[in-house]
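Please look over the sequence and the structure shown below, and keep both in view while reading.

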Amino acid sequence: MKPLLRTSFAAWLPLVLLSGLHAGETDFYRDVYPFLKANCISCHNKTTTKAGLNMETPELMIKGGDSGPSIVPGNSSESILVEASIHTDEMEMPPPKNKTGAVKLTNKEIATLKRWIDEGAHSSVQDVRKVVWQPLATGVDPIYTVAMTGDGRFAACGRSNQISLYDLATRSFVTQITDPGEEARGAHRALVNSLAFSPDGSRLASGSFREVKIWKRQQTPVSQRKGDPALQLETSALSHDGKTIAGIDQAGAVLILKAADGKVLRKIEGVATGATPLLSLSPDASKLAVFSQNRELTVWSLDTGERLPAHLSPDPELEKTVADAATTPDSAQAQLAAAKKIAVKALTWTADGKAIVTGGDDKVARVWPLSPSPSDTVPGILKGAGGAVTAIIAGATPDQVVTAAADNKVRIWSISEAKVLKEVPASGVLSLALSSDGKQLATGGADGVVRLWDTGTAKPLIELRESVNSAKQIAALEWTIAEKTLEQAFQKSVATEIEARTKSLDEFLKKAEDAIVASNKNLPLREKEIKPKEEARIAAQKVVDEAAATLAKAVAEKKTDPKLEAALKSAQDKLITAETAESDAIAAFKAEQSNITDAEAQKKRIIETKAENERKVAEANAAVEAAKAAQAKATTELAATNKELTQLKAKPLALRFSEDSAFVAAAFDDGSLRAWALVSGTAVSQISGSATAGVSLGFQSDGAFVAVQANGSLLKTEGSPQWSLERVLGGVDDATLFPDRVNAVTFSPDGKILATGGGEPSRTGDIALFAADSGKLTATWKERHADSVLSLAFSPDGKLLASGAADKIARVTAVDSGTERNLFEGHTHYVTGVAFRADGRVLATAGADGVVNSWDMISGERKKKIEGWTKEVTSLQFIGATNQIVTSAGDNLIRIIRDDGGQVRSISKLPDFMQAAASTPNGKIVIGGGEDSFLRVWNGTDGKELAAFGMP
């Protein structure tokens with residue numbers, strides 16, 4: 001008893017001492033949970049429930065495991081948990097040398113545990129862990145996630161707590177998307193774990209620790225304002241900054257308008273007479289040059305409305321000719337004939353606004369310096385063009401001017417030296433533009449093509465034919481062609497599989513038919529065998545009857561004879577033999593009948609199955625033919641669209657570079673305004689208007705091009721996009737929505753639903769659905785996985801949501817009901833990526849086990865296990881409507897594979913672990929990022945690197 005007493009006293013003493021340290025009842029989460037979590041819960045939790053015991057809550061401990069309740073409220077001495085904690089001979093918990101590093105509870109901890117149990121083992125309210133934020137370490141900036149807009153225009157990547165946005169059309173950095181409320185001026189406080197653009201590119205969702213932020217794209221839309229008919233404008237000019245319009249009305253007055261709203265700011269009477277004049281605003285928009293068809297060139301101050309004291313004429317000799325002609329009898333005709341000698345077609349200012357340049361049919365450009373004294377106004381003559389001057393613009397410096405002539409040459413002139421500095425061979429030029437640095441020249445040709453030239457080498461750089469609309473049309477047709485290719489392959493595989501099954505049925509059908517023939521042949525024989533057997537049985541029965549009667553008579557006469565009994569016994573044995581033979585004959589007959597029935601039934605089933613298979617094959621073949629027809633139609637339309645791009649009808653009347661020379665815009669005679677990114681030739685903007693004979697272009701500070709037509713109508717492209725925070729879901733102060741990192745975000749195909757995936761590592765894998773426009777929580781699928789959700793993907797029709805998690809499982813859930821449709825087990829490590837094929841018939845999953853699996857969504861079986869990676873496959877995405885998949889992996893590879901396992905292309909020799917990749921629908925652009933913090937852009941066709949962006 002004494003050892004027991006000492007043990008009890010030793011256990012009681014710390015309890016007494018401890019009781020003096022706490023006022024009131026022991027609190028589970030404050031006093032008990034910390035040491036249970038450190039030493040017990042690692043093996044006894046929801047995920048790892050050893051011995052069937054979960055110790056995460058008092059209720060679960062009372063419920064117990066394989067050995068019953070682990071605690072008995074009010075009685076610690078009867079609680080198995082206490083016995084195990086003391087390390088009795090029968091039980092030692094945690095066990096020595098365990099893998100989790102758990103250690104035996106101290107006497108103080110055991111005393112606290114016993115006291116809590118004796119007080120009733122009450123639960124308590126667990127305080128939410130308050131996160132104490134620390135600045136992220138400098139240099140912690142790997143890219144864990146990338147996203148691309150559906151049109152392939154913009155890409156985003158997460159570095160550290162930053163979100164960087166890039167324009168893939170210009171291959172340039174655009175901006176850092178930041179939350180003004182964050183002290184570190186980042187997008188989040190913690191690392192950016194996930195990114196996704198909405199299908200229309202208007203929203204960007206980003207996931208981080210306990211929060212999702214939705215960013216909204218703010219952009220001035222394309223706009224159009226029709227000219228006021230009451231103003232009766234015949235021609236108009238736009239200032240370089242796109243803010244001011246100068247126009248001439250039918251009465252020859254100049255109207256100065258505010259471009260934004262068309263409001264008249266000033267009217268100057270009596271400026272021009274006769275036919276439509278030429279107009280040009282000075283670079284600073286303070287002066288207007290007007291060339292009237294009466295051969296007069298005047299300059300007007302827009303500030304005062306006064307004509308400047310400059311006497312300018314395009315040709316002094318012509319003035320003398322006209323003056324002399326006026327003295328002749330037929331002066332009117334002579335004057336008209338003289339005026340027709342030279343048609344001035346182009347008018348512009350020099351870059352510094354100190355001179356005006358004209359050009360026309362006489363193959364000469366004249367430079368008129370502005371001077372207060374008419375006697376000082378002597379034009380500089382630029383001779384050397386081999387044809388009429390069709391267009392003039394200012395050069396890169398005040399001493400330069402650029403002309404286009406009918407001899408199919410564009411010339412860059414030195415005004416002071418009156419000589420050609422550079423010639424560019426460009427035919428049919430109607431319009432010109434020069435980049436701000438003078439290195440690039442844009443020409444608009446009579447063939448409707450805008451061409452870009454290197455002024456240093458005079459070599460062509462790119463032809464700009466495609467519009468936004470034609471690009472969309474081409475993309476849609478290419479998608480259809482790829483989709484129908486996929487459909488044909490699928491339907492052909494269906495037909496092949498069914499035909500193979502039908503062929504095997506032919507063998508079974510032949511066996512059934514042979515069985516019927518054989519049984520029908522045997523049936524008469526079997527029937528014929530019954531009669532003699534029946535007769536033999538009847539005869540045997542007669543013998544038995546006679547023997548029985550003889551024996552009965554002998555018995556009655558008390559003349560028993562053993563021979564009679566033997567005779568009866570022999571007769572009975574023969575009867576049994578005869579009956580058996582008859583029964584066997586009948587059975588054989590019935591068996592043949594049954595064989596015929598069964599074989600005929602089987603034959604019927606086979607024939608029906610074959611007919612059904614033939615119907616299915618016919619349907620599959622019909623689907624193949626329909627897909628072929630649709631593909632052929634799309635191919636024809638694509639060829640026609642591409643042909644149209646070689647036979648353009650609209651003529652580019654005006655051109656303009658953006659200030660940074662990243663874009664160029666063209667205004668066409670059909671009233672359209674189009675803009676392109678120069679480095680890639682991508683059409684980025686388009687707006688339609690009414691046909692016009694004249695137009696000028698400006699570029700505004702918000703990144704928009706502006707075109708004003710002759711009648712004052714104005715067209716404006718989109719401005720540069722800005723991104724602002726629309727809303728925050730969850731947040732560090734609301735741990736109930738997202739308990740930990742949000743590892744996956746994705747939008748539904750219609751953009752109405754935002755799905756998020758995360759959960760507590762090693763405990764839960766949660767999925768939540770939100771209304772994308774309001775942020776309202778519409779569905780929560782708690783514990784859909786047993787570990788954190790790492791990847792999400794909607795099916796093409798938006799009805800299913802696939803999820804991959806750290807529990808090594810991929811699941812497919814019905815969005816409307818939340819019910820599980822598929823569970824795919826095939827990975828031996830985390831499922832890091834999920835993606836549906838465009839037809840929804842295949843799901844691809846990527847794993848940290850270095851494997852990509854493709855799953856047949858129709859059969860629910862694995863289609864192909866694709867291997868070849870030496871490290872984790874970190875992401876995957878189907879490319880457009882093809883069976884090709886772009887993947888990133890830890891073995892420094894971006895690989896493009898097919899869902900049947902074949903490799904298309906590998907982008908290798910990357911410097912570090914790649915975490916994420918994405919592709920445009922047409923596969924022409926691929927992006928990827930990883931541990932070295934560089935976002936790389938490749939040509940998806942040949943794998944050539946187009947750009948590499950480091951940390952901004």
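Contact here means heavy atoms within 4.5 Å, while helices (H or I, at least four residues) and strands (E, at least two) are DSSP runs numbered from the N terminus. This is a predicted model, in which local features need pLDDT of at least 70 and side-chain atom pairs count only at pLDDT 80 or more, whereas totals for chains, interfaces and linings use all residues. Residues are numbered from 1 along each chain as its sequence is written, and side-chain values use heavy atoms, with hydrogens and water left out.

Two packed helices are described by the angle between their axes and the distance between the axes. For helix 2 (residues 28-39) and helix 5 (residues 107-118), the angle is about 130° and the axes are 10 Å apart; axes are lines fitted to C-alpha atoms, for helices over the stretch in contact, and angles run from 0 to 180 degrees between N-to-C directions. Helix 2 is therefore oblique to helix 5, since angles under 35 degrees count as roughly parallel, over 145 as roughly antiparallel, 65 to 115 as roughly perpendicular and the rest as oblique. The contact is made by Phe28, Asp31, Val32 and Phe35 of helix 2, together with Glu109, Thr112, Leu113 and Trp116 of helix 5.

Turning to the loops, Ser160 is found between strand 2 (154-159) and strand 3 (162-167), and its phi is near 55°, a positive value in a residue other than glycine. At 8% relative accessibility, Ser160 counts as buried. Lys363, in the loop between strand 17 (355-360) and strand 18 (364-369), also is not a glycine and has a positive phi of about 65°, but Lys363 is partly exposed, with a relative accessible area of 40%.

Finally, Asp573 has its place in helix 9 (residues 562-644) and is partly exposed, at a relative accessible area of 33%. Between Asp573 and Pro911 there are 338 residues in sequence and 96 Å in space, C-alpha to C-alpha.

Key: Buried < 20%, exposed > 50% of the residue type's maximum accessible area, 1.4 Å probe, protein only.
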